[in-house]
2 protein chains.
Amino acid sequence: MSLLVVGSVALDSVATPFGDTADAIGGSAVFFSVAGQILHPVRIVGVVGSDFPQDALRQLAGRGIDVSGVETAPGESFRWKARYSYDLSSRETLETRLGVFAHFRPRLPDGHRDARYVFLGNIDPELQLNVLDQVRAPRVVACDTMNYWIQSKPDVLHQLLRHIDVLMVNDSEARELSGDWNIYRAARWILAHGPTRVVIKQGEHGALLVEQDSVFKVPAYPLQEVFDPTGAGDAFAGGFMAHLARTDDLSPNNLRRAMVYGAAMGSFAVEAFGIQGFDAVTPAAVDARVRAFKDLVHFEVEEPAR
Amino acid sequence: MSLLVVGSVALDSVATPFGDTADAIGGSAVFFSVAGQILHPVRIVGVVGSDFPQDALRQLAGRGIDVSGVETAPGESFRWKARYSYDLSSRETLETRLGVFAHFRPRLPDGHRDARYVFLGNIDPELQLNVLDQVRAPRVVACDTMNYWIQSKPDVLHQLLRHIDVLMVNDSEARELSGDWNIYRAARWILAHGPTRVVIKQGEHGALLVEQDSVFKVPAYPLQEVFDPTGAGDAFAGGFMAHLARTDDLSPNNLRRAMVYGAAMGSFAVEAFGIQGFDAVTPAAVDARVRAFKDLVHFEVEEPAR
């Protein structure tokens, strides 16, 4: 089933204790696409400035991603600069230059309007609603947001919640949106406002899938070396949605499996700078990691025969 | 198999946003015993002052706990006073009065010296070593410690590590002990210094069991209401050790199951103030929660037939 992502395409400059990057390709839609494409074809809609390295777009296309919906506008590309703490547990944004992204008005190419699986990356909720108006009959719409929109456009965001199936946010966003610090009550609040499912990303502690009558937890993969946490949440979303799109199966078991594919993609993302973590990742490597997640949490309830 | 715990028996005064307690029975050995006793008989060794309410000791005995190793010394009981933040994520210790606990020299009654499963609660590592000298032939020795001992008695602690099977600490203690912020590398460091297994307690994020060739993660149970986190880690230890002692089975599967019994006990601990959370907990209720943990993390790797 066709899978579409709308979000940021950026040039990231990131410093961690292990090195740094300058103007490396990044952004929510890029991390989503690069991870998702390993499992299923992804179409990306975004905007870049006239200064954007054409080679970078060609690289995305070379991975098989449909970049025909990436518009080039006159002006500078979206640039983001950040520095992580020594233990990668926190980061400081040093600079955000929106450039052409400030005037981004997503326009879906006609062929993209039949998308059945849609991920709305973190952009203005008015634009997210506008994208939904352009999609004919989506089966699953998932959506990210951030504290900035929760504070500045709560009414539009509440309207958006009524039109999406899955809200995918981190724990601090869930708490701020609901006004409740208990993460399970926060999730219930969200379920009462539209989405039938909420995915709460918890960074190094994994992610939760909360539905009306079920909670599923996937931990983060145990990594002794983490180089750059940037994009892990978007890679998670890419793995989650790509698994759903390729199976077109919304059974409870398959949603849980999608969570694990998401967590696997998140773990590949942090193992290298930017999108490099995905360079050598094959579908077989993803499947192997999914099986490793199974081993990580597996236990038998029954006593063994002795 | 006989199960012994040595640790603090205290009077706790705890304030949370949901209420407070004054001089309620607590301490590491008490939370351990109350949780463990639900699964398997526990013998407790500790000290109380002459002011300790005899009724409280009778209540422990009434639960079936063997309190014959609890010594009463002239002087005041160990008192601990703390206040939790609004979201229970942090706490401030307001007062610690060691009283008779300052001069605690654990003496095992002769009948306790045959213990096969031993838990050394967080006390001076010299005393922990001394307890081990008094136990004839333990099969499993597990041990807790805290930052205070890591800083003040590192040499003794390193000596202790060579004599225990399982180190059970929280994540900040593991990091401080190893000098490594990556929790999996920290665990490997500990494994290289004596224990064959390390359990890392992660509070609201559950716990990890790390062995030479395997990592197991159990999340925390999803609770919409948490009243008092005090004692959750010790209750975890009680569930973990009691399950091992009653099964006397150190197979990989059973160790994982012990982790889940530990997590179940931790979840009961936080649902009420002090040890009250265990008042109505039956073995059947524990088993039901263990099955709920299974559902919380369960997924099938294979695609369903469609």
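Student: How many residues of chain B are in contact with chain A?

Tutor: Contact means heavy atoms within 4.5 Å. In this predicted model, 45 residues of chain B are in contact with 45 residues of chain A. Local features here need pLDDT of at least 70, side-chain atom pairs count only at pLDDT 80 or more, and totals for chains, interfaces and linings use all residues. Residues are numbered from 1 along each chain as its sequence is written, chains are lettered from A in the order in which they are written, and side-chain values use heavy atoms, leaving out hydrogens and water.

Student: What area do chain B and chain A bury between them?

Tutor: The size of an interface is often given as the accessible area lost when the parts come together. Here that buried area (1.4 Å probe, summed over both parts) is about 4200 Å², with 55% of it on carbon and sulfur atoms. On the chain B side, B:Trp181, B:Gln224 and B:Phe299 lose the most area to chain A, together 18% of what that side buries.

Student: Which element gives the largest share of the side of chain B that touches chain A?

Tutor: Helices are DSSP runs of H or I with at least four residues, numbered from the N terminus. Helix H10 (283–297) of chain B gives the largest share, seven residues.

Note on methods: Buried area = accessible area lost by both parts, 1.4 Å probe. Helix = DSSP H or I, 4+ residues; strand = E, 2+ residues; numbered from the N terminus.
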